[in-house]
Amino acid sequence: MTVSGLCVLCLPAARSFVTIATLFMGFGLMEGAMVGQFPLLVLECVGKHKVNQAWGYIMLFTGVSVGIGPPLAGLMADKLGSYTASFYTAGAILIIGASITSLMAFVKQPPEESDETQSYDEEL
């Protein structure tokens, strides 16, 4: 996610097609890797019993941000006269999101019950 944010931050400085294509290739590869790992991250954060609800909330907020982002970028471009600030804002948001996600490694999680214990209790 950090590399995706850096690619977006560098887009205003791109002056040739090759540079833009290279940045978009980096962005696309990192975005694909992030999308592939995202369900695993959600599962690790909330556990298997709440993953459906968590995924629903994530899709809600993703939809809202996808719906609001382009008009907001256009409004910024209309007010400021350039899309540069929009690219910097989008890149910064991606990098901040990656930073918050990386802090998850330092949060102590309670130990999960094993499936054997759970199924034993259910049989009683």
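Residues T2, S4, G5, L6, V8 and L9 of α1 meet F87, Y88, A90, G91, A92, L94, I95 and A98 of α4. This contact belongs to a predicted model, in which the chain has 5 helices and 0 strands and follows the pattern α-α-α-α-α when read along the sequence. Buried residues account for 16% of the 124 residues in the chain, and, among contacts between residues at least 6 apart in sequence, 56% join residues at least 24 apart.

**Helix α1 against helix α4**

- The axes of α1 and helix α4, the latter spanning residues 84-102, come within 8 Å and cross at roughly 170°. An angle over 145 degrees counts as roughly antiparallel, and α1 is therefore roughly antiparallel to α4.
- In handedness, α1 passes α4 in a left-handed crossing, and the contact of α1 with α4 comprises, by class, 10 nonpolar, 4 polar and no charged residues.
- On the α1 side, S4 lies in the helix that covers residues 2-10, and S4 counts as buried because its relative accessibility is 0%.
- Once neighbours within four places in sequence are set aside, S4 is in contact with F27, M30, E31 and L94; of these, L94 is one of the α4 residues that take part in the contact with α1.
- On the α4 side, I95 is found in helix α4, and I95 counts as partly exposed because its relative accessibility is 22%.
- Not counting residues up to four places away in sequence, I95 touches T2, G5, L6 and L9, while the C-alpha atoms of I95 and G5, which are 90 residues apart along the chain, are separated by 5.3 Å.

**Helix α2 and its packing on helix α3**

- Helix α2, which covers residues 17-46, and helix α3, which covers residues 51-80, pack at an angle of about 125° with their axes 9 Å apart. The two helices, α2 and α3, are therefore oblique to each other.
- The crossing in which α2 passes α3 is right-handed, and the contact is made by F38, P39, V42, L43 and V46 of α2 together with V51, A54, W55 and I58 of α3.
- Sorted by class, the contact of α2 with α3 has 9 nonpolar residues, with no polar and no charged residues.
- Elsewhere in helix α2 is M25, which counts as exposed because its relative accessibility is 56%.
- M25 and S4 are 21 residues apart in sequence, and their separation in space, C-alpha to C-alpha, is 9.9 Å.

**Helix α3 against helix α4**

- Helices α3 and α4 pack at an angle of about 140°, with their axes 8 Å apart, and α3 is therefore oblique to α4.
- The residues that meet are A73, M76, A77 and L80 in α3 and A85, S86 and T89 in α4, so that, under the nonpolar, polar and charged classes, the contact of α3 with α4 has 5 nonpolar, 2 polar and no charged residues.
- M76 is found in helix α3, and M76 counts as partly exposed because its relative accessibility is 23%.
- Leaving aside neighbours within four places in sequence, M76 is in contact with G81, S82, A85, S86 and T89; the C-alpha atoms of M76 and S86, 10 residues apart along the chain, are separated by 6.5 Å.

**Annotated transmembrane regions**

- According to UniProt, in an unreviewed entry, the annotation "transmembrane region" covers residues 55-73 and 85-107.
- Over residues 55-73 the model is 100% helix and 0% strand, and the end C-alpha atoms of this stretch are 26 Å apart.
- Over residues 85-107 the model is 78% helix and 0% strand, and the end C-alpha atoms of this second stretch are 33 Å apart.

Technical notes
Residues are numbered from 1 along each chain as its sequence is written. This is a predicted model: local features need pLDDT of at least 70, side-chain atom pairs count only at pLDDT 80 or more; totals for chains, interfaces and linings use all residues. Side-chain values use heavy atoms; hydrogens and water are left out. Axes are lines fitted to C-alpha atoms, for helices over the stretch in contact, and angles run from 0 to 180 degrees between N-to-C directions. Helices (H or I, at least four residues) and strands (E, at least two) are DSSP runs, numbered from the N terminus. Angles under 35 degrees count as roughly parallel, over 145 as roughly antiparallel, 65 to 115 as roughly perpendicular and the rest as oblique. A crossing is left-handed if the near helix is turned anticlockwise from the far one by less than a right angle, and right-handed if clockwise. Contact means heavy atoms within 4.5 Å. UniProt positions are given in the numbering used here, feature names are shortened, and annotations may be inferred rather than shown by experiment. Buried means under 20% relative accessible area, exposed over 50%, partly exposed in between (1.4 Å probe, protein chains only).
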